[in-house]
Amino acid sequence: GSAMFAVLLLPNFRLQAALRWRAESPLVAISDEGVVVELTDDAAARGVRAGQPDAQALARCPELTLLPRALAAERVVQGALLEVAGSLSPSIEATADGCCTADLRGAKIAAWPRWCETVLARCTALELRAQVGVAPNPDLAFLAARRAAPSLVVQAPGVFLAQLAVSEINPPEQLHALLGDWGIHTLGQLTSLPRGELADRLGPDADRLWQRAAGQTGRLLRLVRPVEEFAEAFDFEHEIETTEPLLFILRRFLDQLTLRLTTAHRVAARLTLTLPLENSPSPSSSPSPSNRKERDEEGEGEGDEYVRVFTIPSPTADADALFRVLHTHLETLQLVAHPTGVRLLIEPALPERQQFQLFETALRDPNRFGETLARLAALVGAENVGVAEVADSHRPDDVRVVEPRFHDLREREVLPLGLPLRRFRPPLAAEVRVVRQVPAQVDSTRVLDALGPYRASGGWWEREQWSVEEWDVDLAGRGLFRLRREPTRWLIEGCYDAGIR
C-alpha cells in the first residue's frame, strides 16, 4: 500500500517523567526556572495555567504541589520511547522531547487498530501513557497523534484536516491574524481558497501553509539509532535515612528494566548503582557513566555521589537474582551523607550459550555464588575477597587479590614448568655457609647439589625497586629447597614437591 508514518507522542512529557514511580496527586505542576510549564487537569481546573510564575500558581491553588523538572527521568523516558519506536521500524526520528516518528514504509500491517493496540500496550508496560497517530506523511501523523484518543489512523487526509483549526499547523503570526480577518479559521476553509491566487497575494509562506493544510507536504526524517542503554532514575523529595525506600524503588526499576531486556533479547552483564548524596550540586545528573568521569568501582565519588559497579557472574534477565545483588550490598552500606536519589544502569549482553564436555559442569547457581562473595566482602572487606592474580613482572611471588572478572575468563593451557614450589609464608631464616660463592651447608645440613644463582631485579624506575638472588639446593636427606640471598641474611623460600618428578 501507500507509505505510512507513525508518531508516538507522550502528552505532558515533563509531567509524566516527574510523576513516574510516584503516587500521583491530582494537583501537580512542573516548574522550570520559576515558571509552570506543565500541569494536571485538576490543577488547570483550579485556575493554574502554563506560563504562570510559581508564586501566582500557588496563590491560585494553595494545595498545589510544585515539582522541579526531573531531567534524569526525562532522559530515561525519552530513551524508552525511542526503544519502542526502534522496535517498529529501523528508520526512526527523535522528533522532539516525548515524540518519535517511525517510517513504516515496507511494513506489512493488516489491521491498523490492532497494530496501534499492540504499540500502546508496549508503552503501558513501561509505565508510559502514549498516543499514536498514523498518516501518509510525518507532519500529518504528528497532528493525528495530538488528536488521538489514544490512537488515530488517518486514511483520508482531506476529511481529517478540514475540521482542524488553522492554529494547529503553527502558521506565522501575521499570516494567521490576516486569515482570521478574512474569516478563515479552519484548514478546510483555507484549502477552499485557490492556491495560486493565495500565493500571488500573500507570498510563499501562504503557499506552504496551504500545502500543509491540504496534507500534501513531505519531509525527510532525521534518522537516529537508539542507544542500547537500559537505565532508570528517581529523585526523592527529601534525603532518605533508611534503605527501605531505595530497595522499593530499585525493585520497581528492575521489573521494568528486565522487561525491556527480555524484549530486546538481552541479559544484564553489569549493574551500575549511583546514589546522589545530599550535598550533590546536581541531583538530576544523568544515570549514564558517559556523562561523568570514571569512578572507582569500589566506593564513593568526590563527595557528591556514591557509585558501585556489580559484575553479574552469570548474565541474566531475572529480576530476583539482580535484586539480591543490590540488596546484599545495601544491607551493610554506610555513606558519608544521606542519598537524595537513585540511578541504575544495566550494561546488556547477549545470552550465554556454552557447550560443556561430557563430565564438565558449570556452577549450579553462579549468581548465588556472586551473592556469597558479596556477603564475605561485607564481613572482611572487599580487598580481602577475590581471586589471586599474578602481576605482570618477574618479581617472585608477586600476586594480588582482585575481584573475579567473570566475563573475561578464558581457558588457558597449563604447561608443566617443573616441580611445584610450596612457599613458606613468611620465609624461614637460615644460616648458610658459602664455599667458592656456592652454598655448601644450610644450618647443619650438607648441600649435595646447588643450581644458581638466579638473579632478577626490577622497579628501578619506581621507589620500590627490588633485586633478588635465588638458589635451588638439594639438602642431604631433606629434599629440594629454594634459598634467597639478601644483603645481610639468607632465607628459605620454600620446598619443592618431590612427589612429582
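Gln256 is buried, with a relative accessible area of 7%; buried means under 20% relative accessible area, exposed over 50% and partly exposed in between (1.4 Å probe, protein chains only). The model is predicted: local features need pLDDT of at least 70, side-chain atom pairs count only at pLDDT 80 or more, and totals for chains, interfaces and linings use all residues. Residues are numbered from 1 along each chain as its sequence is written, and side-chain values use heavy atoms, with hydrogens and water left out. Gln256 belongs to helix 12 (residues 244-263). Helices (H or I, at least four residues) and strands (E, at least two) are DSSP runs, numbered from the N terminus. Leaving aside neighbours within four places in sequence, Gln256 is in contact with Arg20, Trp21, Ala125, Leu126, Glu127 and Glu232. Contact means heavy atoms within 4.5 Å.

Glu83 lies in helix 4 (residues 71-86). Glu83 counts as partly exposed, at 21% relative accessibility. Beyond its neighbours within four places in sequence, Glu83 is in contact with Phe230 and Arg260. Glu83 and Val227 are 144 residues apart along the chain, yet their C-alpha atoms are separated by 8.1 Å.

The chain as a whole holds 14 helices and 22 strands. Of its 501 residues, 42% are buried. Among contacts between residues at least 6 apart in sequence, 62% join residues at least 24 apart. The accessible surface comes to about 28,800 Å², and 50% of that surface belongs to carbon and sulfur atoms. Accessible areas come from the Shrake-Rupley method with a 1.4 Å probe; for residues, only the protein chains shown count as cover.

Two open sheets are described here. Strands of a sheet pair through backbone hydrogen bonds, either parallel or antiparallel. Two strands pair if DSSP finds at least two bridges between them. Strand 5 (residues 92-96) and strand 6 (residues 99-103) run antiparallel and are joined by three bridges. Glu93 has Thr101 of strand 6 as its bridge partner.

Axes are lines fitted to C-alpha atoms, for helices over the stretch in contact, and angles run from 0 to 180 degrees between N-to-C directions.

The other open sheet has seven strands in the order 16-22-21-20-19-18-17, with antiparallel pairing. Strand 16 (421-430) and strand 17 (432-435) stand at the edges; each has a single partner strand, so one side of each is left without a neighbour in the sheet. From one strand to the next, the twist averages 30 degrees. Two bridges join strand 18 (residues 438-442) to strand 19 (residues 445-458), and the two run antiparallel. Gln441 stands opposite Arg446 in strand 19.

Strand 20 (residues 466-475) and strand 21 (residues 479-485) pair in the antiparallel sense over seven bridges. Trp471 faces Leu483 of strand 21. The hairpin of strand 20 and strand 21 has three residues between the strands, and Gly477 takes a positive phi near 75 degrees. Strand 21 runs antiparallel to strand 22 (residues 490-496), with five bridges between them. Here Leu483 has Ile492 of strand 22 as its bridge partner. Four residues form the link in the hairpin of strand 21 and strand 22.

The structure holds three aromatic pairs. The rings of Phe234 and Phe236 have centres 5.1 Å apart and planes at 80 degrees, so the pair is edge-to-face. Rings of Phe, Tyr and Trp (its six-membered ring) pair if their centres lie within 6.5 Å; planes under 30 degrees apart count as stacked, over 60 as edge-to-face and the rest as tilted. Phe234 is buried at 8% relative accessibility, and Phe236 is buried at 16%.

Charges also sit over rings. The charged end of Arg251 sits over the ring of Phe323, 5.6 Å from its centre. Arg308 lies over the face of Phe310, at 5.0 Å from the ring centre. A charge sits over a ring if NZ of Lys or CZ of Arg is within 6 Å of the ring centre and within 35 degrees of the ring normal.
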